[in-house]
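Subject: Structure handover

Hi,

Here is the structure for you to look at. My notes follow below it.

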Amino acid sequence: MGTTAVFAALLVTLAQASPASAPDAQVQEQIVARVGDQEVSRDDFMAELNRLIPESFFHGNVSADVRRGLHGQALESLLEKCLIHQEALALGMTASESEIDEEFSRTLEKAGPRYAAVSNEERASLLESYRGLVVRRILRDKNER
């Protein structure tokens with residue numbers, strides 16, 4: 001599963017979560033790491049962990065040792081992504097509106113038929129909500145290239 005699929009999984013996970021309605025203390029507890037001014041949420045961590053667990057296994061069938069190892073890999077992957085994004089910002093990289101629109105369209109297509117067929121109004125609302133994620137993804141890709 002590629003990194004675009006990870007972003008699609010994040011999109012779906014974040015669409016189902018509603019941290020804005022949680023009290024500040026709960027939101028703070030949901031942060032598992034900070035890299036500079038970027039925070040890694042529990043939802044981000046769980047989406048990355050789910051990406052690492054083979055799709056053919058149910059989580060209950062993955063041994064505790066394997067899960068512990070995957071926890072470390074998931075966190076390391078997310079921290080690396082934060083660092084790559086921060087380096088891209090430090091290098092002055094930016095994302096154009098057309099790049100944002102293209103990446104968001106690809107992400108919606110990969111997220112499945114429910115998201116690929118959204119109305120223009122729903123699409124605009126989703127883009128507004130996840131614009132930051134889209135931009136971070138574009139900047140990481142540019143910096144990795």
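Start with the contacts (heavy atoms within 4.5 Å). Among those in the chain between residues at least 6 apart in sequence, 69% join residues at least 24 apart.

Some ground rules. This is a predicted model, so local features need pLDDT of at least 70 and side-chain atom pairs count only at pLDDT 80 or more, while totals for chains, interfaces and linings use all residues. Numbering runs from 1 along each chain as its sequence is written, and side-chain values use heavy atoms, with hydrogens and water left out.

Confidence
pLDDT is the predictor's confidence in each residue, from 0 to 100. Its mean over the chain is 78, and 75% of the residues reach 70 or more. Over residues 1-28 pLDDT stays under 50. The model has 36 contacts beyond four places in sequence for that stretch.

Overall layout
The chain has seven helices and two strands. Both are DSSP runs, numbered from the N terminus: helices are H or I with at least four residues, strands E with at least two. The pattern along the sequence is α-α-β-β-α-α-α-α-α. Of the 145 residues, 35% count as buried. Buried means under 20% relative accessible area, exposed over 50%, partly exposed in between (1.4 Å probe, protein chains only).

H4 against H7
Two packed helices are described by the angle between their axes and the distance between the axes. Helix H4 (residues 64-90) and H7 pack at about 80°, axes 8 Å apart. Axes are lines fitted to C-alpha atoms, for helices over the stretch in contact, with angles from 0 to 180 degrees between N-to-C directions. H4 is therefore roughly perpendicular to H7. Cut-offs: under 35 degrees is roughly parallel, over 145 roughly antiparallel, 65 to 115 roughly perpendicular, the rest oblique.

Residues of H4 in this contact include Lys 81, Ile 84 and His 85. On the H7 side, Arg 136, Leu 139 and Asn 143 are among them.

Two residues in H7
Asn 143 lies in H7 (residues 120-144). Asn 143 counts as buried because its relative accessibility is 15%. Its side chain reaches the backbone oxygen of Ile 84 at 2.9 Å. Leaving aside neighbours within four places in sequence, Asn 143 is in contact with Ile 84, Glu 87, Ala 88, Leu 91 and Met 93.

Asp 141 is also in H7. At 17% relative accessibility, Asp 141 counts as buried. Asp 141 and His 85 are 56 residues apart in sequence and 8.7 Å apart in space, C-alpha to C-alpha.

Best wishes

Note on methods. Polar contact = N/O pair within 3.5 Å; in protein donor to acceptor, adjacent residues only side chain to side chain.
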